[in-house]
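Walk through this model one region at a time. Keep the sequence and the 3D view side by side.

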Amino acid sequence: MSIKENIEEVRRRIREAAIRSGRNPEDVTLVAVTKLHEADEMNEAIDAGVTDIAENKVQEILRKKEDVKPVRWHLIGHLQTNKVRQIIDQVVMIHSVDSVKLAKEIDKRAAQHGLVMDILIQVNIAHEDSKFGIDEDDLDRMIREIADECSNVRISGLMCIAPFEENPEDTRPCFREAKRLYDKYANGEHTDRIDFKYLSMGMTNDFEVAVEEGSNMVRVGTAIFGNRDYRSEEK
Ligand SMILES: *Cc1c(COP(=O)(O)O)cnc(C)c1O
């Protein structure tokens, strides 16, 4: 199947999952994850209607940007504070904020560019050692600290990565917990600095379960572009 057909199929599955859970399919943003894929494939996706793409590495965004048609870029991978400067005016959202220190650096660089960066706090619901993200017990404190100290970031929601499960159904408790944490803020007061609108969860293996549980931003790579060739990363 072509990239265009894959996107149509992913959209159909998102639509059906949204309807199953009584939600409006249009409330779910599809973010196409393009890591280890090149500009021609990315442009094919953009021609097929993709408006948002995501990479997990700063260097990849900088490397590809010139060759890719205008689109909203997201950063979804772990971000080191020393790379913030390079990326600050290149993306519309950073999904992977997991420390106050990182938020402060984003704030500082955003201020230098006169912009306000949308950030998501990455929560580690599954408590997996191998994953980045903060413990849910630290969420309230972290949000408060960032909101108190950073005037050029807007905390726009949460991001989570469910552990891979053979049976996607097994990810449901994880997504449900993320939605519970998200709702506390989404249903609370919205300010310039805390304005919860996005719950970024769901990947190729589990995006339908994530949408059923309330995700409104899914990050899908493999189902659109096929398997990634990780060998090419070593060059
Ligand atoms: C690679 C990646 C995705 C997409 O994964 P697929 O399984 O290919 O859909 C989503 N989110 C993050 C953070 C990723 O690194």
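Helices (H or I, at least four residues) and strands (E, at least two) are DSSP runs, numbered from the N terminus. With those names, threonine 34 sits in the loop between β1 (29-33) and α2 (39-47). This is a predicted model: local features need pLDDT of at least 70, side-chain atom pairs count only at pLDDT 80 or more, and totals for chains, interfaces and linings use all residues. Residues are numbered from 1 along each chain as its sequence is written, and side-chain values use heavy atoms, with hydrogens and water left out.

Is threonine 34 buried or exposed? Threonine 34 counts as buried because its relative accessibility is 0%. Buried means under 20% relative accessible area, exposed over 50%, and partly exposed in between (1.4 Å probe, protein chains only). The side chain of threonine 34 makes a polar contact with the side chain of glutamate 55, at 2.6 Å. A polar contact is a pair of N or O atoms within 3.5 Å; within protein, one must be able to donate a hydrogen and the other to accept it, and residues adjacent in sequence count only if both atoms are side-chain atoms. Setting aside neighbours within four places in sequence, threonine 34 is in contact (heavy atoms within 4.5 Å) with Met42, Ile53, Ala54, Glu55, Lys64 and Phe225. Leucine 36 is in the loop between β1 and α2 too. Leucine 36 is not a glycine, yet its phi is positive, about 65°.

Now turn to the ligand. Which residues are around the ligand? They are Val33, Lys35, Ile76, Ile161, Met203, Thr204, Arg219, Val220, Gly221, Thr222 and Arg228. To be near a molecule or strand, a residue must have a heavy atom within 4 Å of it. This shell divides into five nonpolar, three polar and three charged residues. Here Ala, Val, Leu, Ile, Met, Phe, Trp, Tyr, Cys and Pro count as nonpolar, Asp, Glu, Lys and Arg as charged, and the others, Gly among them, as polar. An N or O atom in the side chain of lysine 35 is 2.6 Å from an oxygen atom of the ligand. For threonine 222, a polar side-chain atom lies 2.6 Å from a ligand oxygen. For arginine 228, the distance from a polar side-chain atom to a ligand oxygen is 2.7 Å. Taken alone, the ligand exposes 390 Å², and the protein buries 89% of that. Accessible areas come from the Shrake-Rupley method with a 1.4 Å probe; for residues, only the protein chains shown count as cover.

Thr204, one of the residues around the ligand, also touches arginine 13. Arginine 13 is in helix α1 (residues 3-20). Its relative accessible area is 23%, so arginine 13 is partly exposed. Not counting residues up to four places away in sequence, arginine 13 also touches Phe207 and Glu208.

Next, find helix α5 (residues 100-112). Its 13 residues reach 18 Å from first C-alpha to last, close to the 18 Å expected at 1.5 Å a residue. The expected span is 1.5 Å times one less than the number of residues. The buried residues of α5 include Leu102, Glu105 and Ile106. Their cover includes α4 (84-87), β4 (93-97) and β5 (117-122). Glutamate 105 counts as buried because its relative accessibility is 15%. Just after α5, glycine 114 takes a positive phi of about 65°.
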